[in-house]
Number of protein chains: 2
Amino acid sequence: MVEPQSLEKLISEFASLPGIGHKTARRLAYHMLSRSRERVVSLSESLLAAAEKVKPCSVCHVYTEVDPCPLCSSRAGAKIICVVEKSSDILPFENAGIYKGLYHVLGGVLSPLDGVGPEALYIPQLVDRVRKENISEVILALGSSPEADSTALLIDCLLEDTNVTRTRLARGIPMGSDLEFIDEITMLRAFESRVAL
Amino acid sequence: MVEPQSLEKLISEFASLPGIGHKTARRLAYHMLSRSRERVVSLSESLLAAAEKVKPCSVCHVYTEVDPCPLCSSRAGAKIICVVEKSSDILPFENAGIYKGLYHVLGGVLSPLDGVGPEALYIPQLVDRVRKENISEVILALGSSPEADSTALLIDCLLEDTNVTRTRLARGIPMGSDLEFIDEITMLRAFESRVAL
């Protein structure tokens, strides 16, 4: 063992992060050693501060520092809920600035093989919100995996006896892409859902 | 601004790491939120511990927790010094297990454009060690950039009046590589340095 123990520990901590392999972890750890103490402390404290302060909103489960979150408070009374898998999925909506309704984070999608059943997700809470907040539309924005599809199907069933409109995002060719490189399933869906000019 | 402030801070901290772009930084930050508090604390503390405990050895400037470092202590009296640019450059030597001599980390290579002159590197300390420790060979293991070459040249000049043998690592075709993809300069060097069978 050439590396000092606390350096090895730091390397293995970095290597435990998603998408960071052992070589990158080593590079990051050596980089930290070359930084000023203040900047190491700053990263260290930011980690603790984020873990301490940021929690899921008790209503919509979007990460927030205040409860209920600014989105829930500022859009109280909105009649549309956009259902997403995880908190970061709301970013493209907010960045596009096209949506001014509420959100609901499920915390995942159904995945029976990994032991994720309906009770592990915030699905009952969604049904509850739809009934109590007098929601008129639920937009299912859940990605396009088979797991996401079956999750959407379950939610659709559970909301069947309410009057709420259920929609999902359109599927098709993304902007700016070359037709030549579109995969078969996307092409199939875009073809089936073709619209009149 | 959709993301809570402490989450944004953490994202920008991650994004300041080398090779980590904004998207990866966001992914890492959200990942930290989904971790248990203990594991966040563990990373946070590992950062502080490494910054606190790991310092360059006062003799060879390899990162260490004890001073002088285990390499300097266990190999005291060795007559060969291998000169490297940075501490992590000793790993391939130690991993190959081929070298049992001393090391000397320069802390960089000459780079006049970036304001790195000889006085910013541990070159005087190297000359000192060569004289005082009665060294017989200095191996310059400094990479193959023009900056590394001029650093090696300077050290070679400074050691000229000692009796020390100066060597550098061989340059040529690396193991396992396909000739087709060897760059021109490597090929030129391998050709010029060809050896009799």
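Predicted model: local features only at pLDDT ≥ 70, side-chain atom pairs only at ≥ 80, totals over all residues.

Tutor: The cut-off to keep in mind is 2.5 Å between the two sulfur atoms. Over all chains, the count of disulfides by this rule is zero. Cys157(B) is also in no disulfide, and its nearest cysteine sulfur, in Cys82(B), is 20 Å away.

His61(B) sits in the loop between strand S1 (55–56) and S2 of chain B. This residue is buried, with a relative accessible area of 10%, and its phi is near 70 degrees, a positive value in a residue that is not glycine. Further along, Asp67(B) and Pro68(B) are joined by a cis peptide bond with omega of about -5 degrees. Pro68(B) belongs to the loop between S2 and helix H4 (70–74) of chain B.

Chain A has a cis bond to look at as well: the peptide bond from Asp67(A) to Pro68(A) is cis, with omega near -5 degrees. You will find Pro68(A) in the loop between S2 and helix H4 (70–74) of chain A. Val62(A) lies in the loop between strand S1 (55–56) and strand S2 (63–64) of chain A, and it is buried, with a relative accessible area of 3%. Beyond its neighbours within four places in sequence, the residues in contact with Val62(A) include Cys57(A), Leu71(A), Ile90(A) and Tyr103(A). Asn134(A) is placed in the loop between helix H6 (123–132) and S5 of chain A, and it has a positive phi of about 55 degrees although it is not a glycine.

Now for a helix. H2 of chain A (residues 22–34) has 13 residues and reaches 19 Å from its first C-alpha to its last, close to the 18 Å expected. Its buried residues are Ala25(A), Leu28(A), Ala29(A), Tyr30(A), Met32(A) and Leu33(A). What covers the buried residues of H2(A) comes from both chains, including helix H1 (5–15) of chain A and helix H3 (37–53) of chain B.

Finally, look at the open spaces. The largest pocket holds about 1000 Å³ of space. Its lining has 39 residues, and those closest to its centre are Glu85(A), Asp89(A), Ala141(A), Leu142(A) and Gly143(A). Even so, H2(B) gives the most to this lining, with six residues. By class, the lining of the largest pocket has 18 nonpolar, 10 polar and 11 charged residues. The second largest pocket has about 680 Å³ of space. Of its 32 lining residues, Leu142(B), Gly143(B), Leu169(B), Ala170(B) and Arg171(B) are the closest to its centre. Here H7(B) gives the most, with five residues, and helix H7 covers residues 146–158 of chain B. The lining of the second largest pocket divides into 17 nonpolar, five polar and 10 charged residues.

Methods
Residues numbered from 1 in each chain as written. Chains lettered and ligands numbered in written order. Heavy atoms only, no water. 1 Å grid on protein atoms, 1.4 Å probe; cavity = no way out; pocket = protein on both sides within 12 Å on 5 of 7 lines; lining within 4 Å. Points joined across faces, edges and corners; volume = space filled by probe spheres on them. Helix = DSSP H or I, 4+ residues; strand = E, 2+ residues; numbered from the N terminus. Nonpolar A, V, L, I, M, F, W, Y, C, P; charged D, E, K, R; others polar. Buried < 20%, exposed > 50% of the residue type's maximum accessible area, 1.4 Å probe, protein only. Contact = heavy atoms within 4.5 Å. Expected span 1.5 Å × (residues − 1).
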